[in-house]
Amino acid sequence: MDEELKNLIKVWLSAIISISYCYYIPPRIKSGVPRLLSVSPVLALFLVLPLFFSSMHLSLITAFFLTWLANFKLILFSFDKGPLIPIPSNLPRFFCFTCFPIKFQQNPKSQNHLSKLVFAIKVAIFGVLLHLHGYRQNLHPIVMLGLYFVHLYLEIEIILTFVKVLVFISLGCDLEPQSNKPYLATSLQDFWGRRWNLMVPAILRPAVYAPMRRVSERRMSSGWALFPGILVAFIVSGLVHELLFYYMTREMPTGEVTLFFVLHGVCTAAELAVKKKTTVMKRWRLSPVVSRLLTVGFVFLTGVWLFTPQLRRSGVMEKFTYEAVLVVEFVKKKLFTLLGLGNINDEF
């Protein structure tokens with residue numbers, strides 16, 4: 001664990017130096033391909049940095065903030081687009097806006113009591129899940145699969161909450177929400193565009209969907225040009241997820257994850273095409289309850305079919321949870337040591 005902490009310092013020190021370069025040098029270069037070439041060494045470095053960790057948690061967190069968010073934002077920045085334009089007023093703001101899913105607020109508000117209570121409940125549930133890991137051999141595989149995804153969801157929420165507090169204190173800004181009650185989605189468009197993992201569509205819209213739609217409008221009407229944009233955005237999301245899976249498993253991609261996103265891209269596009277036919281929509285309008293069951297059921301079943309097999313085969317889910325238990329124990333031991341309660345820790 002101590003070695004991983006050293007790697008963490010090295011990796012994020014490299015990120016700070018790289019983003020400092022992007023703040024001072026590329027803005028002086030003409031936007032477009034010339035500026036993109038000037039930031040390309042940083043883009044390549046951010047693809048490699050997650051491989052410096054043996055810890056899946058640190059590798060995945062670094063990949064999310066640097067390989068995914070920072071790289072896409074720097075690509076947009078090269079063409080004078082995205083959240084880095086206009087350029088933030090100082091280097092710390094530029095660094096945070098590059099790496100984290102931040103939205104600027106004119107009058108930011110601190111966390112209310114309800115959100116604090118929700119966070120406390122999430123932490124409590126997360127602790128229960130870690131405890132249940134010791135009884136995994138007594139639970140059905142489908143139950144364990146569901147618990148793994150709840151674990152991953154809660155862990156991301158907890159990490160982003162800490163980042164959110166730090167960003168709010170230092171910059172007076174807020175993070176983009178991670179999700180918006182995805183279990184209430186009434187369609188695939190609603191699920192992927194407005195409810196699930198909102199940071200991803202927020203970056204894919206300007207980086208992939210919008211350029212592809214503009215290109216498509218040269219050959220078809222604007223009403224139909226959105227379909228190629230949707231498909232390409234889902235394909236790019238699938239390829240990035242393949243890369244994230246590689247960082248966790250260190251195994252060659254199988255294409256199953258990309259196929260999952262291609263399938264959902266095609267189905268979302270087909271759903272939008274049906275919605276354009278107003279007569280069909282009036283005749284086959286479903287109740288919200290049925291729509292939610294069909295949407296969430298389709299996402300779950302296709303996820304079990306295509307999204308999770310590689311993770312199950314590699315045993316990465318079990319390793320991920322076990323690693324979380326070790327991290328919690330390590331942090332607890334360090335806290336006890338700092339507080340001079342080492343003997344009490346040994347008794348537990």
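Which residues form one aromatic cluster? I went looking and wrote down Phe191, Trp192, Trp196, Phe234, Phe245, Phe260, Phe261 and Phe307. A reminder to myself before going on: this is a predicted model.

**Entry 1: a ring pair in the cluster**

I picked out tryptophan 192 and phenylalanine 261. Their ring centres are 5.7 Å apart and their planes stand at 55°, so I logged the pair as tilted. I then checked where the two partners come from. Tryptophan 192 belongs to helix α7 (residues 188-195) and phenylalanine 261 to helix α10 (residues 256-276), so the pair links distant parts of the chain, 69 residues apart. Both tryptophan 192 and phenylalanine 261 are buried.

**Entry 2: helix α10**

Next I followed phenylalanine 261 into its helix. I found 21 residues in α10, with 30 Å from the first C-alpha to the last, close to the 30 Å expected at 1.5 Å a residue. Which residues of α10 are buried? My list reads Glu256, Val257, Thr258, Phe260, Phe261, His264, Gly265, Thr268, Ala269, Glu271 and Leu272. I also looked up what covers these buried residues, and the cover includes α7, α9 (222-249), α12 (288-307) and α13 (309-314).

**Entry 3: aromatic pairs elsewhere**

I searched the whole structure and came away with 19 aromatic pairs. Tryptophan 12 and phenylalanine 95 have ring centres 6.4 Å apart and planes at 75°; with planes over 60 degrees apart counting as edge-to-face, that is what I called this pair. Here too the pair links distant parts of the chain: tryptophan 12 lies in helix α1 (residues 2-24) and phenylalanine 95 in helix α4 (residues 91-99), 83 residues apart. Are these two buried or exposed? I noted tryptophan 12 as buried, at 17% relative accessible area, and phenylalanine 95 as buried, at 15%.

I also spotted a charge over a ring. The charged end of arginine 35 sits over the ring of phenylalanine 77, 5.2 Å from the ring centre.

**Entry 4: the nonpolar cores**

How many residues does the largest nonpolar core have? I got 74, and the residues with the most contacts inside this core are Phe46, Phe100 and Ile102. Helix α3 (residues 56-78) gives the most to the core, with 14 residues. A second, separate core has six residues, among them Leu130, Leu154, Ile158 and Ala324.

Last, I looked up the neighbours of isoleucine 102. Leaving out residues up to four places away in sequence, isoleucine 102 touches Lys73, Cys96, Phe97, Val167, Leu171, Cys173, Asp174, Leu175 and Glu176.

Terms used
Residues numbered from 1 in each chain as written. Predicted model: local features only at pLDDT ≥ 70, side-chain atom pairs only at ≥ 80, totals over all residues. Heavy atoms only, no water. Core = buried A, V, L, I, M, F, W, Y, C linked by side-chain atoms within 4.5 Å. Buried < 20%, exposed > 50% of the residue type's maximum accessible area, 1.4 Å probe, protein only. Helix = DSSP H or I, 4+ residues; strand = E, 2+ residues; numbered from the N terminus. Contact = heavy atoms within 4.5 Å. Phe/Tyr/Trp six-rings, centres within 6.5 Å; stacked < 30°, edge-to-face > 60°. Lys NZ or Arg CZ within 6 Å of the ring centre and 35° of its normal. Expected span 1.5 Å × (residues − 1).
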